[in-house]
Amino acid sequence: MKELLVYAHPALAAVAILLAFIVYRDGFAQRKLRLRKITPPEGSYARHLKLAPWNAALIITAAIGGLISAVALREWKPFDTLHGWFGVTTAVLFTLMWWLGRKLIRGQKHVAERHGLIGLLALFAAGITGVLGISLLP
Ligand code: HEM
Ligand code: HEM
């Protein structure tokens, strides 16, 4: 059972990272609209608002799950890997995105630039975390 459970965190996190690409792409379509007044693909705004909170929740769950998995299943010391530190940084960035996203919905449009920039950072951080995680697989 333990042999299978150690793959739960990597599998969940991989789904979360793939989802982040879709969420970023839909958000970026809004950026093009904002800066160049180009009509974004139909449904991209609604999809961004629907998927983004799930994406943030999944990333945060993946980070907590990774820590639990490392300590309980692998019997490691917590935060003993670069992957772990990148993972927690990623989770913090997605939490920040959530907060900024809520502000955007409430009409505080001046945070759009910050939301976009931190979104790019969050996507990069998630990608690097994922790549670093591969070498930790059993
Ligand atoms: C978690 C909850 C989130 C909410 C509620 C949210 C909400 C929004 C809203 C309302 C906009 C449109 C801004 C406008 O009207 O100009 C937007 C834009 C955007 N979002 Fe999100 N978002 C969230 C998470 C994310 C995440 C996780 C990413 C990246 C992976 C992301 C990337 C973007 C980008 C790149 C833009 C364009 C920003 C710009 O105009 O420069 N968002 N978001
Ligand atoms: C953004 C997504 C991810 C986050 C936030 C994340 C976060 C974490 C954290 C915080 C730990 C604890 C490590 C420590 O305390 O030093 C961990 C462990 C681990 N992570 Fe990730 N991780 C992510 C993606 C991945 C991916 C894609 C893989 C595999 C391809 C992976 C493989 C592992 C493995 C093998 C462990 C050791 C625990 C176990 O075997 O289940 N992680 N992760």
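Modeller: Please note at the outset that this is a predicted model. We may begin with ligand 2, to which Ala13, Gly66, Gly84, Gly87 and Gly133 come nearest.

Colleague: Which element gives the most to the shell around ligand 2?

Modeller: The elements that give two or more residues to this shell are helix 2, helix 3 (44-73), helix 4 (82-105) and helix 5. By class, the shell around ligand 2 has 20 nonpolar, eleven polar and two charged residues. With eight residues, the element that gives the most is helix 3.

Colleague: Which element gives the most to the shell around ligand 1?

Modeller: Around ligand 1 there are 29 residues, and the closest are Gly27, Ala52, Gly101, Gly116 and Gly119. At least two residues each are supplied by helix 2, helix 3, helix 4 and helix 5. The element that gives the most, with eight residues, is helix 2.

Colleague: How many charged residues does the shell around ligand 1 have?

Modeller: Asp, Glu, Lys and Arg count as charged, whereas Gly is among the polar residues. The shell around ligand 1 has 16 nonpolar and eight polar residues, and its charged residues number five.

Colleague: Is helix 2 roughly parallel or roughly antiparallel to helix 5?

Modeller: The axes of helix 2 (residues 8-36) and helix 5 (residues 112-134) come within 10 Å and cross at roughly 155°. Angles over 145 degrees count as roughly antiparallel. Helix 2 is therefore, relative to helix 5, roughly antiparallel.

Colleague: How many residues of the contact of helix 2 with helix 5 are nonpolar?

Modeller: On the side of helix 2 the contact includes Pro10, Ala13, Ala14 and Ile17, and on the side of helix 5 it includes Ala112, Gly116, Gly119 and Leu123. The crossing of these two helices is left-handed. Of the residues in this contact, six are polar, two are charged, and the nonpolar ones number nine.

Terms used. Residues numbered from 1 in each chain as written. Chains lettered and ligands numbered in written order. Predicted model: local features only at pLDDT ≥ 70, side-chain atom pairs only at ≥ 80, totals over all residues. Axes fitted to C-alpha atoms, helices over the stretch in contact; angles between N-to-C directions. Helix = DSSP H or I, 4+ residues; strand = E, 2+ residues; numbered from the N terminus. Parallel < 35°, antiparallel > 145°, perpendicular 65-115°, else oblique. Left-handed = near helix turned anticlockwise from the far one by under 90°. Contact = placed C-beta atoms within 7 Å. Near = placed C-beta within 6 Å.
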